[in-house]
Amino acid sequence: SSGINAEYGGTINMLIKEMRAEGMEVYYRDWVGIIQGYSSVYKSQLDVSFWCDFYGTGTMHRCSGWESYVFFIHHRFKFSFPARLVQPPLPTLNFINRTWTVPRNGIEIQKIHYPNDWWKVAKPKGC
């Protein structure tokens, strides 16, 4: 998989391999730095992105994908959230036979990333 930030390349490749081993159809969208996995067995989708506090300011920014580097000023304002929502220890969630860490405070992070429709339930096709 390609991408600007080589530090995350190994993690991205490992995660893609694990998801495929669970029978998921997996795509890495290197422009935005998101791994998308689709499971026909579980009839679900999983999107994984990588975030870090580049500047030590307590604000998380997307740290994988070309877009976050090419349009860094735009990303600094639009694609960020308080680091406190992902400070360890984090709650966990089981998905595709794996335990994933998830942001704290439940839906709070969705309110930040989707301010205009965070309350809407998006049902997968065929439901």
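**View 1. Ser 39, a buried residue in strand β2.** Ser 39 sits in strand β2 and is buried, at a relative accessible area of 5% (buried is under 20%, exposed over 50%, partly exposed in between, with a 1.4 Å probe and protein chains only; the areas come from the Shrake-Rupley method). A polar atom of the Ser 39 side chain lies 3.4 Å from the backbone nitrogen of Val 41. Keep in mind that this is a predicted model, where local features need pLDDT of at least 70, side-chain atom pairs count only at pLDDT 80 or more, and totals for chains, interfaces and linings use all residues. Residues are numbered from 1 along each chain as its sequence is written, and side-chain values use heavy atoms, with hydrogens and water left out.

**View 2. The open sheet, β1-β2-β3.** Three strands line up in that order with antiparallel pairing (strands are DSSP E runs of at least two residues, helices H or I runs of at least four; a pair needs at least two bridges). β1 (25–29) and β3 (44–49) are the edge strands with a single partner each, so one side of each has no neighbour in the sheet. On average, neighbouring strands are turned by 15° against each other, direction ignored (axes are lines fitted to C-alpha atoms).

**View 3. Where β2 meets β3.** Strand β2 (residues 34–39) pairs with β3 through six bridges, in the antiparallel sense. Back to Ser 39: its bridge partner in β3 is Ser 44.

**View 4. Val 70 in helix α2.** Helix α2 spans residues 67–70 and includes Val 70. Val 70 is partly exposed, with a relative accessible area of 46%.

Key. Axes are lines fitted to C-alpha atoms, for helices over the stretch in contact, and angles run from 0 to 180 degrees between N-to-C directions. A polar contact is a pair of N or O atoms within 3.5 Å; within protein, one must be able to donate a hydrogen and the other to accept it, and residues adjacent in sequence count only if both atoms are side-chain atoms.
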